[in-house]
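Here are my notes on this model, point by point. Please read them with the structure open beside you.

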Amino acid sequence: MFVERTAELALLHAELRAAVAGNARTVVIDGPEGMGKTALVRRLVDGEAAERGCQVLAVAGEEGERGLVLGLLRELAVEAGRRLAPVRWPPADLPGPERVTAAAQAVRTALSAASTGGPVVLVVDDAQWADTASLHALGYVLRRLQGLPVLAVVACRDLGGPWLPDGLRRLLTADDTVYVPLGGLSAPALADLSATMPPYTSDRLSGPVVSRRGGLSRVSDGLLELGVGSRGVVPEVPDRASGAGALLAEVGPAPAGRVGGLSAGAAERLRDHTLGNPLHARALLATVPLHVLEDLAVRLPAPDTYARPFARRLDSCAPATGRLVTACAVLGDGCPLHMAAAVAGGLDDPMNALEEAATLGLLRELPGRLVAFPDPLARAAVYDGLGAGIRARLHLAAASAAGDTGTSLRHRAAAAGGPDDGLADELAGYAAKAAQHGRWLEAAAHLELAAGLIDPALAPARRDGLRTAALEHVLVEGDVLRATRLAAALGGSDAELDPARSYVLGRLALAAGRFDEAAPLLAEAWRRREPAFAGDVAEQLAWLHLITGDPGAAVRWARLALAQPIQSTVARPYDVLALASEGDGVDVCGAGADGGGSGAVPDGGGGDVGSGGLGEALVWLGWDEPERACAVLRRVVAQDGKAGLAHHRLLTTGLLAAAEHRAARWDDAAARAEGALAEAVALGQRWLLPLLLAACAAPLAALSRDEEALVHARAAMSVARRLRHVFGEAQAGMALALLGAESAPPACDGAGPFVPDPRPRRIEALIAKGHLSEAERLLAALCEAGTGDRPGRTATGEDRAGCEGEGPGARGRAERVRLGGLLLAARNEPGLAEQSFERALALVEHDVCPLEEARVLLDLGRLLRRTGRRRAAAGRLAAARAVFIRLGARSPAEHCLRELEACGLETHATARLGLTPQELSTATLVAHGLTNRQIAAELLISVKTVEYHLGKIYTKLGIGSRVALAAKVTADGGGRPRSGFRPPGRAGRP
């Protein structure tokens with residue numbers, strides 16, 4: 001099966017079409033052995049080249065024939081004579097250089113003659129094995145193909161290698177040569193590849209790889225993967241981040257299942273092991289059962305396609321070098337050279353041994369005198385070649401040389417020949433200490449090793465308990481995808497589950513977005529609860545009820561979790577209380593949601609983040625103090641990161657992004673939210689996806705990245721509905737309402753924790769459309785929920801006492817007063833509107849809230865310009881524009897610029913076109929595609945005034961249509977749609 005080379009094949013097709021048209025083309029395909037270079041060329045030759053009737057001349061180098069002078073070129077001449085035209089081969093008595101030139105001329109003449117009968121495809125595969133004379137001759141031929149319908153394709157390994165003559169290298173790396181590098185296949189491509197493989201049968205296993213070095217032989221017993229490197233470093237999760245658009249195709253209510261023959265996780269594992277090399281991946285798929293590829297507890301071998309050539313290189317080195325390589329295989333990548341030498345034993349000069357190993361491609365030296373293998377298959381090939389006894393002795397030597405207890409225990413476990421209860425106890429004890437320090441994956445790896453040392457016939461419950469604990473540690477660390485694979489390996493039906501496993505599997509189902517599956521598991525765990533984990537079960541039930549739309553039950557379960565005598569170090573019931581109680585007046589921070597109290601979070605033991613928890617942050621956000629909320633949330637993120645709690649850290653990061661957006665730090669907010677989203681996707685934390693997608697929308701919109709914002713908001717809604725994530729659906733609805741994609745949902749009565757209140761933007765849109773009664777009703781509801789003025793005439797003074805000052809909530813009060821001013825302006829009461837704008841400005845000036853200050857200045861400037869005070873308007877607009885530019889708000893800054901042009905201050909464009917400032921503003925908006933009604937709303941003039949301006953513009957410019965006007969203004973440079981431009985009524989403000 002030909003997979004994932006679509007882009008490369010399309011490039012070859014384009015070059016072939018150019019060659020068929022008479023323009024000789026040269027293409028270089030570069031990649032390691034087995035990467036699919038030959039398959040790609042064959043696809044070209046058998047596909048489009050055959051369809052176009054091309055003549056094909058193909059040869060390939062051979063490693064054993066590199067000593068034959070002109071061997072490859074002679075093969076090329078024979079093929080040309082057989083397929084294309086006779087070739088006059090030069091006599092053997094010619095001197096070397098002359099003979100090379102004569103042979104190259106003969107081949108070039110044959111190509112020229114053959115091209116008269118149709119285009120020619122010249123293929124030189126495995127060029128790295130060609131003799132030097134043939135490579136010089138090939139360069140001669142390629143340089144003289146101009147004007148011929150010839151496509152030359154050179155496939156090789158390592159274009160920068162010493163095998164390539166300088167002249168040919170310059171030709172193959174020239175600008176007019178197309179370079180096609182081939183990398184490894186992606187995990188989805190490998191999954192597709194596995195689906196095309198025939199079913200595994202035991203007779204497809206290849207024979208053993210036996211090294212001629214004494215005592216080394218292949219083993220196939222399936223050693224437990226340690227899970228951590230020789231230096232105690234846990235491997236990082238592969239980067240599987242995806243955009244919001246791709247997420248829609250990936251996320252569903254069910255767990256990620258099989259894609260093709262392999263599950264997504266197993267395909268990632270195969271990709272990491274083989275680096276996506278198709279040759280070696282196929283070989284593994286042919287010789288290793290699928291359940292082994294799925295099982296994280298079984299170490300993957302090196303296929304014969306890799307192991308045999310590697311064993312030959314290993315056999316060719318000195319004995320000391322071989323011992324160093326085998327010691328490194330036991331220690332793992334990144335081991336110190338001195339430790340490898342100590343384990344190998346008898347090395348007089350480790351540096352010389354390392355130099356030889358590096359020259360042969362067996363090892364590579366890292367900075368700091370560390371040693372690693374060139375790729376994962378290399379270590380597997382060496383380790384598989386060790387006999388069981390040698391391997392055990394080397395592991396024991398490594399255990400003695402290890403500088404820390406964890407590494408020593410892992411090597412002792414690898415050397416164990418059978419069950420060992422004492423060693424299992426040591427491993428479990430070390431795992432407990434690692435968990436106390438937040439090293440969850442390291443703890444899980446040691447628990448897995450301990451479970452492997454328990455005799456399942458004598459103590460099955462203990463072994464299952466250790467594996468369940470390992471699964472919980474992986475899950476607490478945040479890697480849901482890995483935890484899902486571990487859970488599948490546990491086996492057993494639900495009827496056989498003990499309460500601890502019910503809790504862990506329920507927690508896994510919740511994190512994976514399988515809420516219907518999580519509910520009965522957690523309920524059963526609570527029914528049969530034990531004091532050690534009762535608090536954790538109650539906390540998970542609290543999260544489940546919050547997510548599925550029952551905040552009252554979530555509060556009850558969170559309080560029940562806090563009432564348990566044993567408090568977990570990983571539970572966060574106060575976070576559930578904070579999110580479930582937002583706006584309901586429930587006291588979660590020593591204060592109700594009405595803003596009273598000190599804002600301090602009571603100490604809840606291990607389940608609380610202390611005085612800087614989410615509850616305090618949400619209170620600060622409710623008081624319009626985003627900077628203080630940001631400070632609290634940064635501390636929480638740092639605490640969760642130190643504790644190794646990825647799921648809580650990602651949740652808090654989403655809230656921090658929302659707070660940064662409200663503090664007008666949009667670049668930081670967008671980067672933080674998108675980073676958290678990518679990590680949540682990579683870890684499989686599906687329950688967080690609707691919340692983090694929604695959190696991305698507002699900062700992206702503020703940066704005028706409107707399409708991206710809308711994609712994220714729609715993805716949030718789609719994912720939330722697929723998962724039946726009620727809480728996430730509410731946040732997604734607010735995000736869509738904020739962007740003007742749809743009206744605010746009925747439940748949208750304020751700001752959500754992840755999305756700002758969409759009602760102010762909705763009110764602005766209604767006023768712009770002239771729906772003043774509806775805007776007044778919505779503004780009245782907004783004012784009733786806050787502490788500011790009521791709309792209409794009361795904005796002039798009756799409620800002034802509740803709005804003035806610079807205390808908490810000044811931004812919100814200023815926003816409500818400003819919206820009242822917009823409503824008054826729309827009702828043609830400019831005096832009252834100006835008073836409202838001035839009062840709003842007094843609330844937020846002097847950097848109380850620069851963003852809201854700029855908004856007020858913009859609206860006030862528009863009002864002043866409409867009432868004829870253009871000089872005063874220009875001052876306000878210029879100040880607003882400066883603030884918007886400083887904040888990175890491109891769209892409102894451009895709005896200010898258009899208003900300034902309408903004030904008559906920007907004269908360069910008016911001079912060129914001969915238009916007045918008002919006419920220029922009208923023409924520019926026409927070029928942007930606005931209707932007359934939209935232009936009237938944008939410029940605060942009537943539709944008839946717009947029609948009047950258009951008549952004058954058409955007369956002055958000598959045109960008669962909007963299309964001609966748009967072309968004229970665009971040609972002048974004023975009509976190109978600016979980045980992020982939005983017509984009125986479409987959330988034109990950040």
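1. Start with helix α44, residues 932-939. Its buried residues are N932, I935, A936, E938 and L939. Buried means under 20% relative accessible area, exposed over 50%, and partly exposed in between (1.4 Å probe, protein chains only). Looking down the axis of α44, these residues fall within an arc of 165 degrees, so they line one face of the helix. The arc is taken from the directions from the helix axis to the C-beta atoms. Helices (H or I, at least four residues) and strands (E, at least two) are DSSP runs, numbered from the N terminus.

2. A word on the source. This is a predicted model: local features need pLDDT of at least 70, side-chain atom pairs count only at pLDDT 80 or more, and totals for chains, interfaces and linings use all residues. Residues are numbered from 1 along each chain as its sequence is written, and side-chain values use heavy atoms, leaving out hydrogens and water.

3. Now the sheet. In what order do the five strands run? The order is β2-β3-β4-β1-β5, in an open sheet with parallel pairing. Two strands pair if DSSP finds at least two bridges between them. β2 (55-60) and β5 (178-181) are at the edges with a single partner strand each, so one side of each has no neighbour in the sheet. On average, neighbouring strands are turned by 15 degrees against each other, direction ignored.

4. Look inside the sheet. β1 (residues 25-30) and β4 (residues 150-156) pair in the parallel sense over six bridges. R25 has L151 in β4 as its bridge partner. Helix α2 (residues 37-51) packs on the sheet and touches β1, β2, β3 (120-125) and β4. Contact means heavy atoms within 4.5 Å. The direction of α2 makes about 160 degrees with that of β4. Axes are lines fitted to C-alpha atoms, for helices over the stretch in contact, and angles run from 0 to 180 degrees between N-to-C directions.

5. Next, the aromatic pairs: the whole structure has five. Rings of Phe, Tyr and Trp (its six-membered ring) pair if their centres lie within 6.5 Å; planes under 30 degrees apart count as stacked, over 60 as edge-to-face and the rest as tilted. Y503 and F533 are stacked, 6.0 Å centre to centre with 10 degrees between the planes. Both residues are buried. The rings of W543 and W687 have centres 5.4 Å apart and planes at 70 degrees, so this pair is edge-to-face.
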